[in-house]
Amino acid sequence: MVVHFDDPDPLYPLPPLDEIPDDDADKPNDTYKLTTTSNGFPAVIFGSATFSRIYNDADHISGVTPLRAARLALRYGMNVFDTAPFYGDAEIILGNALRALGREFPRDSYTLVTKVGRYPTEFDYAPEAIESSIARSLRRLHTNYFDIVYLHDVEFIADEKLARRGGNHVAALGEEREQYGLNESQEGEAYTEKDHKVLSAVKKLFELRDEKGVIKRVGISGFPLPTLLRIAILIQKRLGKPVDLVMSYCHLTLQNSTLEQFKSAFRARAGVKQVIAASPIAMALLRPSRSLDWHPAPLEIREAAQRAAQLSQEWDASGTGLPDLALQYTFARAREIGVPVAVGLSTLEEVHASVKAWHEVDAEGLTTKEEWVDRVKTVQDLFRDVQMLDYSWATP
């Protein structure tokens, strides 16, 4: 199915701002502070894929909760918003909310991030589609520039140069680097026409950044770390300049923290200035309140996650024990290695909880407490016992 970038968008009208609740729940808790990373990003990035029917029902996304959640985030200093056309109508919902909040938070007070190349029905990396996609996203988000644009999920288009599709890929940095296309002698080697499609798409993004000024920074995003590293190196070698950022999801979690091993290689070998971690809950794996039959992780990982959820009832009967621990763990590791974390947020409660979790890690010394350390070990042992700790599942 062809993407028609000029088709009219659905409307999600908002009531006047003075008719939208602005109660105590809409105000930050002054006890919690959200710090910034060395590159100026807030520790937590607002992931707005939640502003879509992928994660929430129509009543939620068409109501005022998305605006209230975005406003609370901004009041906390969580001023980077990540979205994408792949996330249904999320760009429209976020754009309407930010426009309505313009008096309190003008455009230069926040960083706006979107993606190109992946859409609800297909991928399209053609340069002309990239340009049309950017134009539509600008319109949807009521802005004349983007701070960051990622080429979305490059592993689906790039050549699949992997020693194995699923497994622990840290060996790509060492003894198996040749099988992953990561030997120094292989740098800049494009394997098939697939790699050339990625290069032409990034070249168009560089043009929109360097010649037209509608993008400030260019990145690539996806899941498998070896592929992201190989493509980042390829871009630098073939196009003569590096991408500014790389974002990978589900690789700084209780189940898999291999981003820690790869982070330095992105800068040293590909000139990437900023790495972003996303999805600390591992695509709901670590919030197993419903069936995980749809999840791409192997059965052994899903069953271990279910056992972890059952164990977590012992320290929190409300059912939030495991996702809370997962968020805290990711924040702790992210703080240690200096990367921001993109977290999908839907409600006021989730915004408050994320900032609270960061504060507990950053200011209250949570990770030094024996009870917390024991809980982390207990959960990770469940994955370790089935040889699935630091296992990256195959891209679907």
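Contact means heavy atoms within 4.5 Å. The views below show a predicted model, in which local features need pLDDT of at least 70, side-chain atom pairs count only at pLDDT 80 or more, and totals for chains, interfaces and linings use all residues. Residues are numbered from 1 along each chain as its sequence is written, and side-chain values use heavy atoms, with hydrogens and water left out.

**View 1. Packing of helix H5 (residues 193–210) against helix H6 (residues 225–239).** Helices (H or I, at least four residues) and strands (E, at least two) are DSSP runs, numbered from the N terminus. Asp195, His196, Val198, Leu199, Val202, Lys203 and Phe206 of H5 meet Arg230, Ile231, Leu234, Ile235, Arg238 and Leu239 of H6. These contact residues divide into eight nonpolar, one polar and four charged (Ala, Val, Leu, Ile, Met, Phe, Trp, Tyr, Cys and Pro count as nonpolar, Asp, Glu, Lys and Arg as charged, and the others, Gly among them, as polar). The angle between H5 and H6 is about 65°, and their axes are 10 Å apart; axes are lines fitted to C-alpha atoms, for helices over the stretch in contact, and angles run from 0 to 180 degrees between N-to-C directions.

**View 2. Helix H2 (residues 65–76) and its surroundings.** Of the 12 residues of H2, 10 are buried, so the helix is largely enclosed by the rest of the structure (buried means under 20% relative accessible area, exposed over 50%, partly exposed in between, with a 1.4 Å probe and protein chains only). The buried residues, including Pro66, Leu67 and Tyr76, pack against strand E1 (44–47), helix H1 (58–62), strand E2 (80–82), helix H3 (90–100) and helix H10 (348–362). Gly77, with a positive phi near 95°, follows H2.

**View 3. Thr253 in the loop between E6 and H7.** Thr253 counts as buried, at 0% relative accessibility. A polar atom of the Thr253 side chain lies 3.1 Å from the backbone nitrogen of Gln255. Not counting residues up to four places away in sequence, Thr253 touches Ser279, Pro280, Ala282, Leu286, Tyr329 and Thr330.

**View 4. Positive phi at Cys250 and Ala282.** Cys250, a residue other than glycine, has a phi near 65°. Its place is the loop between strand E6 (245–249) and helix H7 (259–270), and Cys250 is buried, with a relative accessible area of 1%. Ala282, also other than glycine, has a phi near 60°. Ala282 lies in the loop between strand E7 (274–278) and helix H8 (299–312) and is buried at 0% relative accessibility.

Definitions and conventions: A polar contact is a pair of N or O atoms within 3.5 Å; within protein, one must be able to donate a hydrogen and the other to accept it, and residues adjacent in sequence count only if both atoms are side-chain atoms. The expected span of a helix is 1.5 Å times one less than its number of residues.
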